[in-house]
Amino acid sequence: MSNQPQSQSMNAPFGGSSSSVVSLAKAQMNKDQKMASAESLVLDLINPDLRENALLELSKLWLHGFMALLLNKDAFSHIPRWRILNDGYDALRLKRELFQDLAPLLWNSFGTIAALLQEIVSIYPVLSPSNLTPAQSNRVCNALALLQAPWKTALKAEVLFMTFENVCLSEEERALILDVQCVASHSETRMLFLNAHIPLYLYPFLNTNSKSRPFEYLRLTSLGVIGALVKVDDTEVISFLLSTEIIPLCLRTMETGNELSKTVATFIVQKILLDDVGLDYICSTAERFFAVGRVLGSMVSTLADQPSSRLLKHIIRCYLRLSDNPRACDALRSCLPDMLKDATFSNCLREDQTARRWLQQLLHNVGGNRVAAFQAGGGFDHMLVN
């Protein structure tokens with residue numbers, strides 16, 4: 001012990017050097033300062049003069065600078081990829097600790113949710129006729145981002161995974177990117193969020209048909225709030241959404257939106273189907289089943305000309321879940337697109353083992369006998385005739 005340097009021997013009982021202790025103290029101080037800044041910004045939301053800046057600052061998600069590197073690879077080509085990844089994960093860990101209580105803070109602070117709703121309803125008048133400006137769209141999307149931070153992070157993370165498709169990410173690293181809690185999915189605020197019927201305030205945005213960039217951004221961000229809700233796999237959430245117009249609104253986006261909006265809307269339908277309550281709801285009448293089946297089939301036809309493995313994977317999972325219902329499985333024998341049965345999408349699914357396995361299971365289910373459907377009281381054709 002006496003032969004060791006003085007600084008090392010003094011800190012031996014604590015398992016670290018004096019420099020590491022100082023670094024930890026500085027990191028904690030920095031975290032405390034940033035948390036105080038976040039609390040101040042939340043309070044600024046109730047002041048109309050300060051709200052726009054507060055929304056902008058609060059809605060800047062963890063990956064903002066990190067994704068700038070990823071989406072502008074050429075400008076940062078001199079930085080090794082492993083260095084970008086490592087620095088990004090360090091930043092993510094810090095931000096996760098800093099903002100893990102942001103949802104309760106937003107919900108419980110006086111006037112903040114009312115202020116966010118004011119931002120949302122303020123642009124209703126410009127939805128029809130379509131006079132939404134980019135600035136208006138950005139401002140309300142900043143408000144919506146505070147309701148659905150997990151899903152927006154997930155979208156950026158998906159870009160991350162595609163950008164670094166040759167980099168092996170551990171399950172811990174993927175979970176770290178997606179593990180962010182905000183109002184729509186936080187366990188303390190989720191049911192309060194639903195009981196206040198806040199998702200209904202977003203439905204006018206999903207009911208628009210303009211293809212301009214401000215409207216597409218608004219629809220995508222609104223879908224992100226619903227995506228954050230269904231991501232938690234809660235039957236109460238699914239039951240609430242089924243009591244609203246979410247299925248027709250998602251089907252509309254799946255038909256007319258851009259690829260990213262279609263992907264999020266299809267993901268929402270997929271998550272609803274994966275819940276037993278959702279599957280029973282959609283398969284309880286022939287009209288509901290064929291409405292969903294028609295849109296899925298139309299999307300498959302479009303993907304034959306404009307392939308998207310990401311979107312196709314969600315479509316296949318929807319079909320596979322439908323095949324778990326005997327009547328729906330029987331109906332799929334006649335309405336499942338032929339392009340899913342032949343080699344049309346072989347190249348598109350070449351690198352996705354999970355999607356290929358789902359497709360094989362789907363074809364196996366649909367290729368079975370018809371006994372189960374008739375034991376359940378007849379197929380959808382029988383229901384339509386009656």
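This is a predicted model: local features need pLDDT of at least 70, side-chain atom pairs count only at pLDDT 80 or more; totals for chains, interfaces and linings use all residues.
## Helices H13 and H16

Helix H13, which covers residues 213–230, and helix H16, which covers residues 259–274, have axes that come within 9 Å and cross at roughly 25 degrees. Because angles under 35 degrees count as roughly parallel, H13 is described as roughly parallel to H16. The crossing in which H13 passes H16 is left-handed.

On the H13 side, the contact is made by Glu216, Leu220, Leu223, Gly224, Ile226, Gly227 and Val230, and these meet Leu260, Ser261, Val264, Ala265, Phe267, Ile268 and Lys271 of H16. By residue class, the contact of H13 with H16 divides into 9 nonpolar, 3 polar and 2 charged residues.

## Asp233 and its salt bridge to Lys271

Lys271 takes part in the contact between H13 and H16, and Lys271 also forms a salt bridge with Asp233, in which the closest N and O atoms are 2.6 Å apart. Asp233 lies in the loop between H13 and helix H14 (235–242), whereas Lys271 belongs to helix H16, so the pair ties together parts that are 38 residues apart in sequence.

## Other salt bridges

The count of salt bridges in the model comes to 13. Side chains of opposite charge can pair when their charged atoms come close. One of the pairs is formed by Arg321 and Asp324, whose closest N and O atoms are 3.1 Å apart; here Arg321 counts as buried, at 10% relative accessibility, and Asp324 as partly exposed, at 43%.

A further salt bridge is the one in which the side chains of Asp338 and Lys341 meet, with an N to O distance of 3.9 Å. Asp338 is exposed, with a relative accessible area of 55%, and Lys341 is partly exposed, with a relative accessible area of 41%. Elsewhere, salt bridges that share partners join Arg51, Glu52, Glu119 and Arg139 into one network.

## Helices H19 and H21

The axes of helix H19 (residues 309–322) and helix H21 (353–366) come within 9 Å and cross at roughly 30 degrees. H19 and H21 are therefore roughly parallel to each other, and their crossing is left-handed.

H19 contributes Lys313, Ile316, Arg317, Tyr319 and Leu320 to the contact, and H21 contributes Thr354, Ala355, Trp358, Leu359, Gln361, Leu362 and Asn365. The residues of this contact of H19 with H21 divide into 7 nonpolar, 3 polar and 2 charged.

Leu336 is placed in the loop between helix H20 (326–335) and helix H21 (353–366), and with a relative accessibility of 3% Leu336 counts as buried. Leaving aside residues up to four places away in sequence, Leu336 touches Tyr319, Lys341, Leu362, Leu363 and Val366. Among these, Tyr319 of H19 and Leu362 of H21 also belong to the contact between those helices, and Lys341 is the salt-bridge partner of Asp338.

Leu336 can also be placed relative to Val300, from which it is 36 residues apart in sequence and 9.8 Å apart in space, C-alpha to C-alpha.

Ser128 and Pro129 are joined by a cis peptide bond, with omega about -5 degrees. Pro129 is found in the loop between helix H7 (112–121) and helix H8 (134–145).

His197 has a phi near 55 degrees, which is a positive value in a residue other than glycine. The place of His197 is in the loop between helix H11 (190–195) and helix H12 (203–206), and at 39% relative accessibility His197 counts as partly exposed.

Terms used
Residues are numbered from 1 along each chain as its sequence is written. Side-chain values use heavy atoms; hydrogens and water are left out. Axes are lines fitted to C-alpha atoms, for helices over the stretch in contact, and angles run from 0 to 180 degrees between N-to-C directions. Helices (H or I, at least four residues) and strands (E, at least two) are DSSP runs, numbered from the N terminus. Angles under 35 degrees count as roughly parallel, over 145 as roughly antiparallel, 65 to 115 as roughly perpendicular and the rest as oblique. A crossing is left-handed if the near helix is turned anticlockwise from the far one by less than a right angle, and right-handed if clockwise. Contact means heavy atoms within 4.5 Å. Ala, Val, Leu, Ile, Met, Phe, Trp, Tyr, Cys and Pro count as nonpolar, Asp, Glu, Lys and Arg as charged, and the others, Gly among them, as polar. A salt bridge is a side-chain nitrogen of Lys or Arg within 4 Å of a carboxyl oxygen of Asp or Glu. Buried means under 20% relative accessible area, exposed over 50%, partly exposed in between (1.4 Å probe, protein chains only).
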